[in-house]
Amino acid sequence: MPPSESLRRRRTLCAVLLAGSLLVGGALTAPAAAAVPTAAAATTAVRVNQVGYLPDGPKHATVVTTSSQALTWQLRTASGTVAASGSTVPRGADHASGQSVQVADFSSYRDTGSGYVLTVDGRSSDPFDIRANLYDGLRSDAMAFFYHQRSGIAIESSLVGSAYAHPAGHLGVAPNKGDTSVPCQSGVCDYTRDVRGGWYDAGDQGKYVVNGGISTWLVVNSFERAKRAGTHEALGDSTLRVPERGNGVPDVLDEARWELDFLMRMQVPDGKPYAGMAFHKVHDAAWTALPTRPELDSQVRELHRPSTAATLNLAAAAAQCARVYRAYDAAFADRCLAAARKAWTAARANPALYAPDSDSTGGGAYGDAQVTDEFYWAAAELYATTGESAYRDAVTSSSWHTSASAFTRYGFGWADTAALGRLTLATVPNGLPAADLTRVRSSVTAAADTHLSTMAGQGYGVPIPTDGYFWGSNSELANNAIVLAVAGELTGDGRYRAGALEAMDYLLGRNALGQSYVTGYGETSSRNQHHRFWAHQVDASLPNPPAGSLAGGPNSGLQDPVAQERLTGCAPAACYIDDIGSYSTNEVAVNWNAPLAWLAAYAAERATDGGEQPTASCAVTYTVDNSWSDGFTATVTVKNTGSSAVDGWRLGWSYSGGQRVTSAWNATVTQSGTDVVARNVDWNRVIPAGGTASFGVQGSKSGSNPTPTAFTLDGGACA
Ligand code: 9MR
């Protein structure tokens with residue numbers, strides 16, 4: 001049987017304490033003293049999303065006040081005009097923050113602008129915007145985090161700027177000793193493996209299959225979900241700063257492939273003991289100091305013994321790969337599927353090879369002695385991809401298939417993966433009987449209802465309970481917000497989308513500390529996260545983390561020396577310090593940025609309640625001007641049928657006859673699979689109300705050349 005919610009939580013906490021105490025490692029040079037961002041030291045007591053709000057989204061602020069009476073709030077424009085006003089709702093003591101709070105709700109205000117300020121009782125918030133494209137920047141920055149974290153490839157200045165560029169790390173070039181021919185730890189194997197590539201896990205340079213698996217799944221899932229919504233062009237080719245831009249494959253999938261290739265390299269080869277299993281992790285033999293540039297790490301790297309959990313993470317991520325990449329690269333999809341099947345079979349043969357919590361010298365433990373949830377997740381992915389009865393039986397015979405514990409208030413995570421299987425079964429077409437599918441989908445909405453009620457009980461609208469602030473709490477919150485978003489997709493109920501967006505408010509400043517946990521977003525944003533290269537706080541020649549990097553967030557366990565020294569006595573949601581030494585509250589990690597990127601993409605693309613596709617005011621004519629045996633030219637004219645000018649546009653359509661655009665004029669045109677996106681050039685950026693813009697394409701074809709009939713303008717369907 002799956003363990004109860006409380007048992008699972010204890011297990012997670014236990015792992016935290018064990019590994020946390022060993023992570024200290026004496027490697028840290030003395031961190032510079034940073035101001036302690038306690039609630040008392042905050043500059044304002046009106047907490048808002050410091051980036052802003054979507055015009056059609058919820059708009060809440062939390063006011064810290066000792067007053068028990070409702071107060072008047074005023075929303076002022078940048079010029080100081082009062083645009084809206086109302087009364088706050090007193091909430092009294094908020095246990096997570098340890099503060100007495102009231103809530104202002106200005107959701108009904110839907111105008112747009114920048115530099116708004118919310119004033120309550122003579123105190124003002126940080127300034128913020130209200131605009132539809134609020135999350136466009138974060139969508140690409142949060143996803144670009146993964147390129148920065150790539151191992152085994154030079155990080156190019158042309159893509160990230162000179163401050164963040166560095167030579168490839170861990171390609172066997174001195175002083176690096178890895179990762180092209182890595183030995184196992186003593187007694188584990190008698191050969192070496194090439195395990196180059198992948199993403200560094202976090203502030204350290206270890207590479208861990210369990211955490212890599214869930215992170216890859218989330219990145220690929222963000223694309224798979226967007227594809228269902230018909231909005232995936234925003235994650236398509238040439239949307240990210242990655243070296244693979246322009247290769248015809250969606251950039252998000254290019255990024256995830258970097259990790260998928262690594263995960264498959266971690267599989268034990270045929271003919272060796274435990275063939276098909278995945279090594280649990282590869283990392284330095286001893287903890288390295290802060291700072292350590294990746295290309296200057298001189299530690300020996302070692303493979304740690306295979307584990308059932310890592311093997312099943314590989315199976316799940318690779319099975320998802322086989323499904324999602326098929327439209328873009330069938331050979332890669334086949335390779336993923338073969339790896340997934342092999343991993344599944346190996347895990348079934350070795351169901352209890354547990355990674356111990358104690359293995360945390362030189363890298364994190366990622367210990368997990370409860371892997372029935374990983375079996376369920378891997379079976380669900382394999383079933384959704386193949387439809388085969390053996391995987392279906394593994395799904396339906398798992399106690400996780402019906403257990404209420406698949407979703408908990410504490411969210412899913414690298415050790416608790418049953419929810420990922422449920423999310424896939426609820427959203428990817430599969431052959432489960434209708435009644436079972438209904439039950440699976442209801443379990444997602446029931447979980448989302450729980451999160452909404454948790455939020456309703458919190459002064460800051462946080463979808464995690466008061467005792468849920470443990471290591472990486474920001475990812476716990478973000479993962480719960482994903483469940484809310486998926487419930488919105490399944491039901492069309494706008495309350496779930498509102499809940500997911502309100503979770504973003506917390507990450508971006510509406511919280512106990514008035515702290516945006518995302519670098520570069522908001523007036524007071526985290527900039528000293530624990531990282532061996534972005535270590536500006538200890539070495540001024542190195543950069544701070546790049547924009548879009550999410551800090552782990554408040555951790556009431558205080559599991560590092562800086563937190564213990566500076567945060568003792570903190571209320572759970574205030575147990576955070578923006579200091580490079582506080583790895584238990586202020587690290588970055590791939591499994592934390594992945595849900596942030598997922599949510600940013602979700603928030604950026606959905607402009608209407610309930611997740612419906614917006615309708616745009618446009619009409620399109622597509623005329624084939626010339627056609628020959630294997631090619632054609634066409635003129636596309638888009639008319640702005642709305643009452644205001646369009647400033648900058650993106651026109652999308654699909655080719656159903658295998659056509660491919662080979663060149664274009666008067667627009668920049670990219671194609672990903674069957675999907676085409678045309679972006680304005682400078683001179684036709686503005687289409688006045690009633691006006692038109694035209695451009696031309698040349699393409700290749702074989703046989704017929706069906707004319708596209710459906711077009712979208714900036715994500716909204718043209719009438
Ligand atoms: O995210 C992990 C958290 O759940 C654990 O409690 C903690 C201690 O074991 O480790 C966290 O993961 C770290 C990993 O062990 C090493 N790389 C950095 C990760 C983020 O802090």
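Is Cys 618 buried or exposed? At 2% relative accessibility, Cys 618 counts as buried, because the cut-off is under 20%. The points below concern a predicted model.

1. **Domains.** The protein chain splits into three stretches of assignment: domain 1 (1-30 + 149-422), domain 2 (36-134 + 433-613) and domain 3 (618-717). The centres of domain 2 and domain 3, taken over C-alpha atoms, are 39 Å apart.

2. **Disulfide count.** There are four disulfides in the structure. With the bonded cysteines numbered in sequence order, they pair 1-2, 3-4, 5-6, 7-8.

3. **Cys 618 and Cys 718.** The sulfur atoms of this disulfide lie 2.0 Å apart. The torsion about the S-S bond is -100°, and the link is left-handed. Distant parts of the chain are joined here: Cys 618 sits in strand S19 (residues 618-628) and Cys 718 in strand S29 (residues 716-718), 100 residues apart. Cys 718 is buried, at a relative accessible area of 15%.

4. **Cys 321 and Cys 336.** Here the sulfur atoms are 2.1 Å apart. The pair bridges helix H6 (residues 308-324), which holds Cys 321, and helix H7 (residues 330-349), which holds Cys 336; the two are 15 residues apart. The S-S torsion is about 70°, so this disulfide is right-handed. Cys 321 is buried, with a relative accessible area of 0%. Cys 336 is buried as well, also with 0%.

5. **Cys 570 and Cys 575.** This disulfide has an S to S distance of 2.1 Å. Its torsion is about 100°, so it is right-handed. Cys 570 is partly exposed, at 23% relative accessible area. Cys 575 counts as buried, at 1%.

6. **Ser 97.** This residue lies in the loop between strand S6 (89-94) and strand S7 (99-105). Ser 97 is buried, with a relative accessible area of 6%. Leaving aside neighbours within four places in sequence, Ser 97 contacts Tyr 460, Ala 512, Ala 571 and Ala 573. Ala 571 is 474 residues away in sequence, yet the C-alpha atoms of Ser 97 and Ala 571 are 5.5 Å apart. A polar atom of the Ser 97 side chain lies 3.2 Å from the backbone nitrogen of Gln 99.

7. **Helix H12.** The 19 residues of H12 (residues 473-491) should span 27 Å at 1.5 Å a residue, and the end C-alpha atoms are 27 Å apart, which agrees. Of these residues, 16 are buried, so H12 is largely enclosed by the rest of the structure. Gly 492 follows H12, with a positive phi near 70°.

8. **Helix H16.** H16 is mostly covered, with 16 of its 16 residues buried.

Definitions and conventions. Residues are numbered from 1 along each chain as its sequence is written. This is a predicted model: local features need pLDDT of at least 70, side-chain atom pairs count only at pLDDT 80 or more; totals for chains, interfaces and linings use all residues. Side-chain values use heavy atoms; hydrogens and water are left out. Helices (H or I, at least four residues) and strands (E, at least two) are DSSP runs, numbered from the N terminus. The expected span of a helix is 1.5 Å times one less than its number of residues. Buried means under 20% relative accessible area, exposed over 50%, partly exposed in between (1.4 Å probe, protein chains only). Contact means heavy atoms within 4.5 Å. A polar contact is a pair of N or O atoms within 3.5 Å; within protein, one must be able to donate a hydrogen and the other to accept it, and residues adjacent in sequence count only if both atoms are side-chain atoms. Domain bounds come from an automatic or database domain assignment. A disulfide is a pair of cysteine sulfur atoms within 2.5 Å.
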